[in-house]
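Here is a short briefing on a single protein chain. Overall build comes before local detail.

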Amino acid sequence: MIKLYETGVYLLNGTELALEEEYAARTGQRPDSRQAAQGTMAYGILKAHNTAEDMDHLQLRFDSLTSHDITYVGIIQTARASGMKEFPIPYVLTNCHNSLCAVGGTINEDDHKFALSAAHKYGGIYVPTNLANIHSYNREMMAGCGRMILGSDSHTRYGALGTMAVGEGGGELAKQLLRRTYDFARPPVIAIYLTGSPKPGVGPQDVALSIIGAVYKSGYVKNKVMEFVGPGITGLSAEYRNAIDVMTTETTCWSSIWVTDEETKRYFTLHGRPEAYKEIKPADTAYYDGCVYVDLSTVECTIAMPMHPSNTYTIHELQENARDILHQVQEEANKQIKGAKMELDSKYHDGAIWVEQGEIAGCAGGTYDSLCAAADILKGRSCGSGAYTLSIYPGSMPANLELIRSGRAADLMAAGAIMRECFCGPCFGAGDCPANGEFSIRHTTRNFPNREGSKPGEGQMSAVALMDTRSIAATAANGGKLTAATDLDVEYTTPDYHFDQGIYEKRVYNGWTKPEPDHELKFGPNIKDWPEFPALTEDLLVKVCSYITDPVTTTDELIPSGETSSYRSNPERLSEFALSRRDPEYVGRSKAVRQIERDREAGAPLPEEITAVAEALKKAGVACDPANTEIGSTIFANMPGDGSAREQAASCQRVMGAAANFAKQYATKRYRSNCINWGMTPFLVEDPSVFALGDFIFVPGVREAVLKNADSIQAYAVSADGKVTPFTVSTGALTEAEREIIVNGCLINYYRNNQ
């Protein structure tokens with residue numbers, strides 16, 4: 001059972017939930033929710049990292065940073081351009097996303113060598129390719145109770161180890177590298193109250209997907225902290241907790257934190273860092289803005305069907321209604337997909353659902369505990385020689401080594417599973433992409449459209465569902481017949497784990513506190529500097545170059561993952577892929593507007609298209625001086641930015657000439673922050689029907705309005721036939737620094753102008 005409370009709750013003595021009236025009856029005292037809110041674990045950690053006196057408006061400094069090889073080049077380039085001389089806090093650079101070269105040539109390895117040279121020059125920590133994925137390394141080597149870690153990957157989550165971790169766009173990491181702060185209104189805190197114990201065969205992904213399915217659509221925990229409490233935590237291993245915790249990102253929460261205990265202490269001791277442990281728990285009285293009550297004993301083996309981790313069913317429910325659910329999912333997906341169509345009807349035959357591929361990978365599925373459970377299921381069994389394939393990507397080389405030493409890798413391989421390197425590719429479409437038309441089940445983090453290698457615009461479409469390692473292994477044992485792990489009679493073992501830190505000592509370059517200022521950065525031919533971006537003028541004129549009406553637009557649709565990520569160090573080249581799988585005409589439209597702006601800045605005559613807009617505005621009584629007005633492109637999407645923290649989702653638009661975004665709401669704080677840090681005003685619009693694709697939008701006085709953080713801003717839509725429609729927009733709350741960044745044109749300009 002999962003229950004969402006409609007009101008705030010009090011937690012008493014770390015175990016008892018009480019509504020306001022129950023609190024008064026039990027204690028004989030009138031509750032003070034504001035005071036009791038200071039009793040949460042999150043409040044204490046945030047207070048310890050807040051540099052401002054005001055706890056309602058945080059200015060945070062983190063204990064360490066982390067990035068992988070899709071994001072670190074852009075971050076370091078941004079910080080260099082803004083005046084950075086050395087890394088002021090530990091900065092871990094991992095190489096787990098582009099360790100394969102999907103497009104050929106040297107460009108991926110060139111970036112890795114750039115990162116190694118940067119670690120020498122600025123004093124960073126460099127984790128070579130295939131040694132560990134970003135989150136496994138940070139759990140093993142960087143997390144600590146009471147710490148905060150900021151990462152440029154959305155799944156930066158180490159709450160189960162007492163660490164509040166946040167996934168953000170690269171601009172926020174650049175700020176930390178420049179000794180600035182992460183400014184954010186203190187978020188609400190939601191209790192995730194765990195009770196009971198999971199059934200044998202029910203794994204952490206089952207628990208995580210059940211929670212995601214319950215909270216995502218309502219936005220119950222959006223931009224909030226999920227604080228895990230309750231008696232159910234005690235019976236969960238540290239890795240079981242880690243695997244639940246990493247999936248909190250898919251709820252759209254801001255961060256997470258768990259109660260720490262002897263099991264947490266055991267984890268840190270096992271990893272050679274006993275000093276990283278301390279007890280963290282709520283005060284005797286703690287107030288939460290809401291509560292998700294989870295009875296672990298009722299959680300069933302669960303599957304998240306395409307195309308979102310919240311599209312959940314129990315496996316038994318899916319099996320009992322296979323034809324109807326498969327067809328429903330297929331049709332809902334095909335309403336959203338442009339191009340090739342998903343085909344699921346044929347996956348049901350011979351009285352069962354059949355899948356062609358299983359993947360167990362990375363920070364979510366590649367933990368030692370999960371892979372040992374898979375080995376227990378598959379020992380002495382066979383995946384068969386049919387269409388079904390099973391690939392396994394351990395999260396780190398120490399975990400992989402222990403699988404080999406314990407014989408578990410042999411059990412998996414003997415059953416027909418393929419052991420891979422420590423690589424995040426299956427999560428974002430750069431490793432083991434399914435074939436066209438196939439159905440893949442994965443213990444990874446996401447199953448968004450356009451993410452797992454599909455290219456519907458080019459006639460390529462597969463279907464990806466999320467499941468726990470245990471049920472994926474059970475399906476393998478049945479040759480691809482979808483099977484819940486609870487339907488097999490398996491004796492699960494609890495093997496000891498021996499962490500061999502020597503693997504890291506031999507291979508990881510740790511330059512923290514040892515910068516070498518004279519060390520030269522190693523640039524490959526694909527590594528380019530950021531282009532110059534204009535400051536915001538008094539007025540703004542933008543052309544709508546994409547108009548997306550989907551309920552949610554993911555970052556993978558804004559900038560596709562997979563092989564396109566190989567160009568992440570070349571802003572101009574990567575920007576050519578912006579919206580390429582969702583709106584292939586966007587780049588051409590936006591480039592045309594960008595050229596108009598470049599010509600305007602050079603003093604060239606304005607094209608007739610722009611003078612016609614100015615004339616239409618003049619007739620409507622609105623003064624417009626296009627020769628002295630920034631002219632850019634924009635997109636509209638109902639709720640853009642769900643998913644990855646990759647700043648390229650915004651920076652590629654900016655490189656293509658975008659000056660603003662229009663949305664009914666932003667899916668995540670991190671995407672909105674990315675827009676701001678790249679100088680695009682994040683407009684909110686209540687009625688987007690007032691403009692259409694190809695229309696111009698004129699926002700007079702926008703610079704002053706942004707600087708004043710005006711509640712509403714007057715705008716005018718100008719259609720191709722010259723019709724002018726007034727409407728209002730807003731930007732939502734902006735910090736003082738965010739306002740300055742927007743009017744300066746981007747984060748780099750802001751720091752250059754404010755040395």
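The protein chain has 28 helices and 34 strands; these are DSSP runs numbered from the N terminus, with H or I over at least four residues for helices and E over at least two for strands. The model is predicted, so local features need pLDDT of at least 70 and side-chain atom pairs count only at pLDDT 80 or more, while totals for chains, interfaces and linings use all residues. Residues are numbered from 1 along each chain as its sequence is written, and side-chain values use heavy atoms, with hydrogens and water left out.

**Overall build**

- The C-alpha trace spans about 80 × 65 × 60 Å along its principal axes.
- Of the 755 residues, 64% count as buried. Buried means under 20% relative accessible area, exposed over 50%, and partly exposed in between (1.4 Å probe, protein chains only).
- Take contacts between residues at least 6 apart in sequence: 77% join residues at least 24 apart. A contact means heavy atoms within 4.5 Å.

**Surface and charge**

- The accessible surface comes to about 26200 Å², and 47% of that belongs to carbon and sulfur atoms. The areas come from the Shrake-Rupley method with a 1.4 Å probe.
- The chain has 71 positive and 94 negative charges, and their mean positions are 3 Å apart. Lys and Arg count as positive, Asp and Glu as negative; His and the chain ends are not counted. Charges are placed at NZ of Lys, CZ of Arg, CG of Asp or CD of Glu.

**Cysteines**

- A disulfide is a pair of cysteine sulfur atoms within 2.5 Å; the count here is 0.
- Cys433 is in no disulfide, and the nearest cysteine sulfur, that of Cys427, is 12 Å away. Cys433 is partly exposed at 35% relative accessible area.
- The closest cysteine sulfur to that of Cys545 is in Cys675, at 15 Å, too far for a bond. Cys545 is buried, at 1%.

**Backbone exceptions**

- Most residues other than glycine have a negative phi, and most peptide bonds are trans.
- Pro306 and Met307 are joined by a cis peptide bond, with omega about 5°. Met307 sits in the loop between β16 (302-304) and β17 (312-314).
- Asn13 has a positive phi of about 55°. Its loop runs between β2 (9-12) and β3 (16-18), and Asn13 is exposed at 52% relative accessibility.
- Asn130 also has a positive phi, near 70°. Asn130 lies between β7 (125-127) and α6 (134-141), in a loop, and is partly exposed at 27%.
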